[in-house]
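Student: I would like to learn how to read the features of a model like this one, taking one feature at a time. Could we begin with the way helices pack?

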Amino acid sequence: MAWPTKWLVIIGIILSSLGAALQCLAGSPRLFQAIANDDIVPFLKRFSKSKIFTLSFNATICLLTIMIGSVDHVAPLVSIFYLVCYTMVNFACFLLDWLGSPNWRPRWRFYGKPTSLGGVLVCFSLMIMISWYYAIISIVIAMFLYGYIDKRTKERDWGDGMEGMRAERARDALLKLDNYKNNVKNWRPKY
């Protein structure tokens with residue numbers, strides 16, 4: 001259904017597609033260059049020197065995607081990778097809230113742990129519904145990248161979510177000790 005004419009919808013689709021394409025062509029080389037500047041993946045270091053290299057790499061990826069020739073083959077893959085990204089962002093929000101990180105102060109008034117956990121579950125469900133085999137492939141790729149980056153950045157002191165979870169569990173266990181009353185059977189010296 002198109003109102004008042006079908007040409008309004010066609011023009012809108014064309015303009016929004018062009019806008020999204022230009023946004024990707026302008027934003028993704030800068031993002032790729034920032035990733036290369038962090039020196040996490042060694043073979044990407046050469047892309048940190050010039051924007052021409054990052055733009056040409058981005059254009060190559062675009063051309064390879066266009067050469068597939070069918071949007072029906074590309075759309076599920078792109079959707080799955082976006083959903084992996086949103087799943088990880090929602091999981092990071094849930095983890096920061098659950099750990100009680102002092103620098104985590106969300107300003108969205110509807111935010112809560114159930115909201116971010118629900119976002120994780122919805123994104124993961126959509127990944128499985130769109131294409132379960134692309135979902136498995138993208139999860140394996142994401143796990144490989146996480147493992148590689150985790151192994152590569154051990155010497156840097158950026159902090160880690162797993163360390164935060166262990167510290168939070170230890171803190172909770174210590175705080176729960178104050179709630180228990182001492183008994184003759186489990187008394188231990190405190191000094």
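Student: How are H4 and H5 oriented to each other?

Tutor: Two packed helices are described by the angle between their axes and the distance between the axes. In this structure, which is a predicted model, the axes of helix H4 (residues 113-130) and helix H5 (residues 132-152) come within 5 Å and cross at roughly 125 degrees. An angle of 65 to 115 degrees would count as roughly perpendicular and one over 145 as roughly antiparallel, so H4 and H5 are oblique to each other.

Student: Which residues of H4 meet which residues of H5?

Tutor: On the H4 side they are Phe124, Met127, Ile128 and Ile130, and these meet Trp132, Ala135, Ser138 and Ile139 of H5.

Student: How many helices and how many strands does the protein chain have?

Tutor: The secondary structure comes to six helices and zero strands, and the pattern along the sequence reads α-α-α-α-α-α. Of the 191 residues of the protein chain, 18% count as buried, while its accessible surface comes to about 15500 Å², with 69% of that belonging to carbon and sulfur atoms. As for contacts with a separation of 6 or more, 56% of them in the protein chain are accounted for by residues 24 or more positions apart.

Student: How should I read the aromatic pairs, and how many does the structure hold?

Tutor: A pair of aromatic rings is described by the distance of the centres and the angle of the planes. The structure holds five aromatic pairs. One of them is formed by Phe32 and Phe57, whose rings are stacked, at 4.7 Å centre to centre and with 10 degrees between the planes. Phe32 lies in helix H1 (residues 6-37) and Phe57 in helix H2 (residues 51-68), so this pair ties together parts that are 25 residues apart in sequence. With a relative accessibility of 14%, Phe32 counts as buried, whereas Phe57, at 31%, counts as partly exposed.

Student: What is the arrangement of Trp108 and Phe110?

Tutor: Trp108 and Phe110 form an edge-to-face pair, with 5.7 Å from centre to centre and 75 degrees between the planes, and both of these residues are exposed.

Note on methods:
Residues are numbered from 1 along each chain as its sequence is written. This is a predicted model: local features need pLDDT of at least 70, side-chain atom pairs count only at pLDDT 80 or more; totals for chains, interfaces and linings use all residues. Side-chain values use heavy atoms; hydrogens and water are left out. Axes are lines fitted to C-alpha atoms, for helices over the stretch in contact, and angles run from 0 to 180 degrees between N-to-C directions. Helices (H or I, at least four residues) and strands (E, at least two) are DSSP runs, numbered from the N terminus. Angles under 35 degrees count as roughly parallel, over 145 as roughly antiparallel, 65 to 115 as roughly perpendicular and the rest as oblique. Contact means heavy atoms within 4.5 Å. Buried means under 20% relative accessible area, exposed over 50%, partly exposed in between (1.4 Å probe, protein chains only). Accessible areas come from the Shrake-Rupley method with a 1.4 Å probe; for residues, only the protein chains shown count as cover. Rings of Phe, Tyr and Trp (its six-membered ring) pair if their centres lie within 6.5 Å; planes under 30 degrees apart count as stacked, over 60 as edge-to-face and the rest as tilted.
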